[in-house]
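Hi,

Here is the structure I promised to send over. Have a look at it first, then read on for my notes.

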Amino acid sequence: MSEIELYGLMGMNRSIFSTLFLCGVLMPLCVVVVAYLFRNFSSAIRGAAMVSALIGVIMLTFFTMAAQNAFFMMLTTLSGMAAEGSASATQVLTSGNMPIGETIDPPGWMMALSLVQIAINLCLTVYVFLFARWDKS
């Protein structure tokens with residue numbers, strides 16, 4: 001694979017990641033709206049909608065994290081290309097203050113924030129579907 005092909009894949013990855021991240025930001029709003037619209041349904045229907053929303057939260061988290069991890073794997077590949085003498089790869093990595101010839105891993109805070117976000121979204125989803133007291137009017 002050439003540097004140009006890798007740059008193209010990295011660009012597509014960032015586009016996918018951005019879309020998934022935007023979905024992750026908007027999903028809690030959608031969960032609250034759906035829970036509000038379902039407030040007068042039976043507990044079984046609200047529970048089924050809650051399970052569906054929980055699955056969506058978990059799947060979206062996994063897909064977003066997979067896209068992010070793929071990006072760091074591509075950066076590691078680029079680092080290897082730079083170590084083998086690729087001027088283009090070296091220029092990109094040095095401009096981003098990234099190491100050449102080493103594995104590039106995501107920072108620990110990134111994983112921690114992802115776990116905090118999923119915990120908040122899971123708790124919010126359970127709360128709004130099962131415990132929230134909506135105005136019945």
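Below is what I found in it, going from the overall build to single residues.

A word on the ground rules: this is a predicted model, where local features need pLDDT of at least 70 and side-chain atom pairs count only at pLDDT 80 or more, while totals for chains, interfaces and linings use all residues. Residues are numbered from 1 along each chain as its sequence is written, and side-chain values use heavy atoms, with hydrogens and water left out.

The overall build

The protein has four helices and zero strands, taking helices (H or I, at least four residues) and strands (E, at least two) as DSSP runs numbered from the N terminus. Read from that end, the order is α-α-α-α. The radius of gyration is 21 Å, well over the 14 Å that the globule rule gives for 137 residues, so the protein is more spread out than a compact globule. (That radius is taken over C-alpha atoms, and the rule is 2.2 Å times the number of residues to the power 0.38.) Along the principal axes, the C-alpha atoms fill a box of roughly 70 × 25 × 20 Å.

Buried residues come to 30% of the 137; buried means under 20% relative accessible area, exposed over 50%, and partly exposed in between, with a 1.4 Å probe and protein chains only. Of the contacts (heavy atoms within 4.5 Å) with a separation of 6 or more, 76% are between residues 24 or more positions apart.

How the helices pack

Start with H1 (residues 3–37) and H2: their axes are 9 Å apart and the angle is about 155°. Axes here are lines fitted to C-alpha atoms, for helices over the stretch in contact, and angles run from 0 to 180 degrees between N-to-C directions. That makes H1 roughly antiparallel to H2, on a scale where under 35 degrees is roughly parallel, over 145 roughly antiparallel, 65 to 115 roughly perpendicular and the rest oblique. The crossing of H1 and H2 is left-handed, that is, the near helix is turned anticlockwise from the far one by less than a right angle (clockwise would be right-handed). By class, their contact has 21 nonpolar, six polar and two charged residues. For those classes, Ala, Val, Leu, Ile, Met, Phe, Trp, Tyr, Cys and Pro count as nonpolar, Asp, Glu, Lys and Arg as charged, and the others, Gly among them, as polar.

Next come H2 (residues 43–83) and H3 (residues 87–95), with axes that come within 8 Å and cross at roughly 120°. H2 and H3 are therefore oblique to each other, and H2 passes H3 in a left-handed crossing. On the H2 side, Leu75, Leu78, Ser79, Met81 and Ala82 meet Ala89, Thr90, Val92 and Leu93 of H3. These residues divide into seven nonpolar, two polar and no charged.

A few single residues

Asn97 sits in the loop between H3 and H4 and has a positive phi of about 55°, although it is not a glycine. Most residues other than glycine have a negative phi. At 72% relative accessibility, Asn97 counts as exposed.

Gly8 lies in H1 and is partly exposed, with a relative accessible area of 35%. Gly108 lies in H4 (residues 108–131) and counts as exposed at 56% relative accessibility.

Over to you!
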